[in-house]
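I wanted to look up a few local features and write down what I found.

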Amino acid sequence: MTARCDLSPVWAELQAHFDQDGAASGRGFDIREAFKADADRFGALSFEAPEVFADLSKNRIDAPTLALLLKLAADCGLEERRDALLRGDPVNHTEGRAVLHTALRAPAGSKAPFNAEVQASLDAMLAFAESVRRGERGEITDVVHIGIGGSDLGPAMVVQALQAFGRRDLKLHFVSNVDGHDLAPVLAGLDAKHTLFVIASKTFTTQETLANAQAAKAWFLAAGGTDVARHFVATSSNTTAAAAFGIDTAFGFWDWVGGRYSLWSVIGLPIAIAVGADNFRELLAGAHAMDEHFASAPLDRNLPVLLGLIDIWYRNFHGFTSRSVAPYHQGLRRLPAYLQQLEMESNGKGVDLEGNALPLGTSPVVWGEAGTNGQHAYFQMLHQGTDVIPVEFIAVKRPNHGAVVEKAGELAGKLADQHRKLLANCLAQSQALMQGKTAAEALNEKAPTASATLDPDVLSRHRSFPGNRPSTTLVLETLTPRSLGALIALYEHRVFVTGALWGINSFDQWGVELGKALCNQLLPRLDSGDTAGLDGSTAGLLKRLVAA
């Protein structure tokens, strides 16, 4: 087994395949020509996984390319690495830990590691969530979740996505930034007697989270709150520190729960409060179904594997350095931000498992915005810019507009029409990226807003699109807790696939640590103004910031 994909002999085969002359090769591959040559291209390159349908046919791939990529995965022992992850081997070798987010969503009684402990923790957390929803901790109208990174991005994204399953009389707020401008406007609209704060920090030492928690506590006491223990709860394993804060209800979890994989654990408490225990279990069930698919589907039908292999093909052979995610559902508007951490914190590494510098690119930049908003922001660059950026479209077949349509029959029809417009836009954008428009085609069109004095040939070049720009479209039947769980797990496993093939540890994040350490050193200097030993730029900026 080859430890790193670029050291496999198959890598050289892929490079030769990419470099060969002709439009059918990797480098010169034209998606439009591929469709002309293969009437069943869509059928051959469409795949089903639990809750998710994927159209890969608008990518710069064909059967020979996929065969070589799958051969690479086999030669690099991808299946063995996957199995090691799932059975709880310490795959996070720099910290000596297992990585068992899959165990968090395994059903009761399964053979997953730590199943009894996981179920006990889940039952306790969900029981508490239901007690809040029933009003057993007083009339709670607002829940403020204070965390950062994985303790914030996952829960915030899921609560927003599943808004249709929440209660209108219970509002969830998420605060993460140490900037007081994040917390202050949230507190301004709250009543202390009806507010519950959830402090999410595994160690109860996270600087940003603790600063916001202390500020929230100060506001609570100043606003007439008297029972901190009743209005503050922690998702933390450091019960001693939580108790010192005044919290007597804390839900702990294990060191094998990584932050960016933690929404399935007690970190998901705000999700459970928002949508209820049954819906939270459905979220877990959807993720578990995708886990089963990843664990058992043949590699050539395994959707996380196929997506990861295409990522390798684009990043390391085509040289594409970023990927845009465009969910055409407003509920998924925070998904790109969540995926940024999931992928870039996991695979933004420069050394392999042995500590050797990597001679190849790893994580692409992941970014995006909900459609159709993104079309009016950055799609111009996707269509006509100088860089080729693969796009991932996410479409949801059936909308769920919630109870608002029950009170207005005419509104239901109008919102259904808007959903058709949304889907039409999604299809049109992927079609336009692939098809493009030649200068000759542009020359024969009328452009009402074009200058009448501009040479028509010049104008046609401005209005042409190169096309052959790749995209993937993922389709959900509807956005539910189960389908969302499956979608998130799909992305998690895809990230693992690329990390495993690059031969890196996808589960540590040492790059985050240096800035934290330097911050702690600089913080007292902002009081003292001491710049001794600092570099010229930092010293100059510090002086500027502390000057009267």
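I looked up Phe-204 and found it buried, at a relative accessible area of 5%. The model is a predicted one. Phe-204 sits in the loop between β5 (195-200) and α10 (207-222). I noted its phi as positive, about 55°, although the residue is not a glycine.

I then turned to Glu-51, where phi is near 70°, again positive in a residue other than glycine. This one belongs to the loop between β1 (46-49) and β2 (52-55). Glu-51 has 35% relative accessibility and so counts as partly exposed.

I flagged these entries because most residues other than glycine have a negative phi, and most peptide bonds are trans. The bond from Gly-371 to Thr-372 is cis, with omega near 15°. I placed Thr-372 in the loop between β8 (365-368) and α17 (379-384).

Next I checked a helix pair. Helix α1 (residues 9-19) packs with helix α4 (residues 63-75) at an angle of about 165°, and their axes are 9 Å apart. With over 145° counting as roughly antiparallel, α1 and α4 are therefore roughly antiparallel to each other. I recorded their crossing as left-handed. The contact includes Trp-11 and Leu-14 from α1, and Leu-68 and Leu-72 from α4. By class, I have eight nonpolar, two polar and three charged residues there.

Last, I looked at α8 (residues 150-161), which has twelve residues and spans 16 Å from first C-alpha to last, close to the 16 Å expected. Eleven of the twelve are buried, so α8 is largely enclosed by the rest of the structure. Among the buried ones I listed Asp-152, Leu-153 and Met-157.

Definitions and conventions
Residues are numbered from 1 along each chain as its sequence is written. This is a predicted model: local features need pLDDT of at least 70, side-chain atom pairs count only at pLDDT 80 or more; totals for chains, interfaces and linings use all residues. Side-chain values use heavy atoms; hydrogens and water are left out. Axes are lines fitted to C-alpha atoms, for helices over the stretch in contact, and angles run from 0 to 180 degrees between N-to-C directions. Helices (H or I, at least four residues) and strands (E, at least two) are DSSP runs, numbered from the N terminus. Angles under 35 degrees count as roughly parallel, over 145 as roughly antiparallel, 65 to 115 as roughly perpendicular and the rest as oblique. A crossing is left-handed if the near helix is turned anticlockwise from the far one by less than a right angle, and right-handed if clockwise. Contact means heavy atoms within 4.5 Å. Ala, Val, Leu, Ile, Met, Phe, Trp, Tyr, Cys and Pro count as nonpolar, Asp, Glu, Lys and Arg as charged, and the others, Gly among them, as polar. The expected span of a helix is 1.5 Å times one less than its number of residues. Buried means under 20% relative accessible area, exposed over 50%, partly exposed in between (1.4 Å probe, protein chains only).
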